[in-house]
Amino acid sequence: MQLMRYCLSPNKLAWLREELGEHADKLLAAMDKAGSQYLAELTELQAGDLSAGDSQLKFAWFQQKLALTTRLTDADLANLTPLSLVDVRVELVSSDKLTALQQLSSESVLGFDTETRASFEPGVQHPLSLVQLATSDTCYLFQRAVLGERLAELKPLLENEQILKVGIGLRGDGQALKRDWDIQVSPRLDLNWAMAQLGAGKEVGTRQLVAALLHKRIDKPKKLTLSNWQQVPLSQAQIQYAALDALAANLCFWQLIDKLQGFYGKTTVANKPLLPPSLAARLASYFLPA
C-alpha cells in the first residue's frame, strides 16, 4: 500500500524529495508501512465482531482504490516486466482479409486505438493513418494506406451498440474517425474516465494504467509515437507499439472488472454504494451475477 504517495500532491512529493534527497523514499516507505500495519491490526481486532463487517468492507474498498489510483514513479515502472505480444496474434489487415470484421463482430468488448502521422507544420493536419482493434489474444491493424476507401467498412463494427470499444484517452481517436470517415464510435469507454471515478486526480495514461491493472510496463518512446504511420510497410517496432496499445486497453478493462467485481452491488450500513453509481451503471452488464 502506498498511502502517502497517494495522499501527497506531485508538488509536495517533489518538495519532499528536494528537501530530503535519498531519504525521501525511505520516509514514505516507513509511513506506508505504519499505515498498513495499523489497518491490519484494526482488521484483526474486528475479525470476530459481526458488527464490524461494514468497516472491513470499507477498508477493503479503500485499499483497492488506493492500489488502482496510486501513480508509480519512473523507478517503480522500470522494475516491472514489459507487456509483450507473446501468445498474441497480430494481423495487418489487407483488402482481401476484411473478413476479420466478421470475427470481431462476435466480441462483446474490443480494445480500441488509432494512430495519426504527427504534423510539425502549423495548420497542417494529416488524416487518420491506422485503426487498432484487439481481443484478448488477437490484434488487428487497419492501415489507411493499405485499405484506402475500404477503411469505411469499419463503420458498422465501430458503431455497433452491442460491442463496447475501450481505450485510453479516446477523445482524439473518436474525433479523427468522425472527421475523416463520418464514423461515430459508440458505445465507448475511456479508461481514464473510469479511473477518475475511482479518485484518480487527473488522466492516468497508458503507462500508469498498465502498471496498476496488469502489473506490467508498457514503453511509449516518442520516436515511435511521432513516427510516420502512413508508411508502407510499417516497421516491426511500429506494429508492436500499435498492437500493444489496443491489447493493453482490452486487458486493462477486464482486469478492472475483475478487481471491482467483489464490490459491485455492495453497500455500507448507511446504504451507500461502494462503487460510484456512474461507474457501476456503465460496467453493470460486465459483472458476474452475485
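Six strands make up an open sheet here, ordered 2-5-4-3-6-7 with mixed pairing (two strands pair if DSSP finds at least two bridges between them; strands are DSSP runs of E, at least two residues, and helices are runs of H or I, at least four, both numbered from the N terminus). This is a predicted model, where local features need pLDDT of at least 70, side-chain atom pairs count only at pLDDT 80 or more, and totals for chains, interfaces and linings use all residues. Residues are numbered from 1 along each chain as its sequence is written, and side-chain values use heavy atoms, leaving out hydrogens and water.

- Strand 2 (89-92) and strand 7 (188-190) sit at the edges, each pairing on one side only.
- From one strand to the next, the twist averages 25 degrees.
- Strand 6 (residues 164-167) runs parallel to strand 7, with three bridges; valine 166 has leucine 189 as its bridge partner.

**Helix 13**
- Helix 13 (residues 236-260) lies across strands 2, 3, 4, 5, 6 and 7, at about 145 degrees to strand 3 (109-116); axes are lines fitted to C-alpha atoms, for helices over the stretch in contact, with angles from 0 to 180 degrees between N-to-C directions.
- 18 of its 25 residues are buried, so helix 13 is largely enclosed by the rest of the structure (buried means under 20% relative accessible area, 1.4 Å probe, protein chains only).

**Aspartate 113**
- Aspartate 113 belongs to strand 3.
- Leaving aside residues up to four places away in sequence, aspartate 113 touches Leu130, Val131, Gln132, Asp173 and Asp245 (contact means heavy atoms within 4.5 Å).

Definitions and conventions:
Buried < 20%, exposed > 50% of the residue type's maximum accessible area, 1.4 Å probe, protein only.
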